[in-house]
Amino acid sequence: MESKVVEKFLDKPYPISGLGISSSYPEPYYDYLALLHLLLIKKGMKKGFCIPVAVKYGVKICKELKLAFKKSNGTCGIVVGENNSLSKETTSEILKKGEGKWTGDIICGYDDDFIKEYFEKHCDHTLIGKLEEYPDCCVNQFVNNFWGDYESIAEVVGDRPENVDAIRERNRDSSQSEKIFERHKKILLEYAQGRKKFPYAMHQACTECLSNGNNSPTGKLNSAWKKVCEEEFPELNKEILKGAKREYDDKMWWNQSYQEYMIGFAEEMKKNNY
Ligand SMILES: [Zn+2]
């Protein structure tokens, strides 16, 4: 049954992953990867998976694979990073503005009990990490990287609660300071390495996992998933490896100096008449 679904999907892939759905850069690699992770649930090698509400065909693929699923109906928020350097006031303002409802995401899993456990929870990066069984080391680093964006932009605009809108708007803008650029460069180059070393993992591997390769928590998962993919879904395997290579090449764009980056940034601004 599964190989029939895979065959059909490879013939005519459609969006089932929250990654790579931007209209300017559609990357089917993540859809193939999401399919593998759903197949891993079928095989009992993974408990669950979350397909974001913005993904068009989440329900369709769950039905095709006869997976248990339910739409989320809880709350969501942001996790504060370790060694938070921001003031108490700015921190609580960021948390307040980051709160919201968590509805419509598709939680799928190997049985109804698993889904019941998650669909009404408070969703944040830690919960998603738990749901999809990412290694704790990688979840922690992801949380710290994410929070670090707020910390470094606060150094530019000022660590005050009234600046939280600016902090939230500009937290991903590498042109704001060399320090921000260098942080993003490190994260994105690690991301590139992750695609190369662990092409079957959905999550971003942490620095530790990257340097310990196959013996790391991510490395062990990657090896187990690689085996299933190679042996049971060879055609899907080819697509995943091709896509991982494309993602590696794409993210290696960050391998440049701040000066080079800013020259490119200025040219881009001129082109767009800013
Ligand atoms: Zn890790």
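These legends describe close-up views of a predicted model. Local features are given where pLDDT is at least 70, side-chain atom pairs count only at pLDDT 80 or more, and totals for chains, interfaces and linings use all residues. Residues are numbered from 1 along each chain as its sequence is written.

View 1. Helices (H or I, at least four residues) and strands (E, at least two) are DSSP runs, numbered from the N terminus. Two strands pair if DSSP finds at least two bridges between them. Strand E2 (68-76) runs antiparallel to strand E3 (residues 100-109), joined by eight bridges. In this pairing, Lys70 stands opposite Ile107 of E3. With strand E4 (residues 122-123), E2 pairs in the parallel sense over two bridges. Here Thr75 faces His122 of E4.

**View 2. Two loop residues with positive phi.** Most residues other than glycine have a negative phi. Lys66, which is not a glycine, has a positive phi of about 55 degrees. Lys66 lies in the loop between helix H3 (58-64) and strand E2. A residue is buried if 20 or more other C-beta atoms, placed from the backbone, lie within 10 Å of its own, exposed if 12 or fewer, and partly exposed in between. Lys66 counts as exposed because it has 10 C-beta neighbours inside 10 Å. Glu133, also not a glycine, has a positive phi of about 60 degrees and sits in the loop between helix H6 (125-131) and helix H7 (136-157). Its 15 C-beta neighbours inside 10 Å make Glu133 partly exposed.

**View 3. Helix H7 and the helices around its buried residues.** The expected span of a helix is 1.5 Å times one less than its number of residues. For the 22 residues of H7 this gives 32 Å, and the end C-alpha atoms are 32 Å apart, which agrees. Buried residues of H7 include Phe142, Trp147 and Tyr150. Contact requires C-beta atoms, placed from the backbone, within 7 Å. The buried residues of H7 pack against helices including H4 (88-98), H9 (178-197) and H11 (217-232). After H7 comes Gly158, with a positive phi near 110 degrees.

**View 4. Helices H2 and H12.** The axes of H2 (residues 29-42) and H12 (residues 234-251) come within 9 Å and cross at roughly 135 degrees. Axes are lines fitted to C-alpha atoms over the stretch in contact, and angles run from 0 to 180 degrees between N-to-C directions. The contact involves residues including Tyr32 and Leu36 of H2 and Ile240 and Ala244 of H12.

How values were computed: Two residues are in contact if their C-beta atoms, placed from the backbone, lie within 7 Å.
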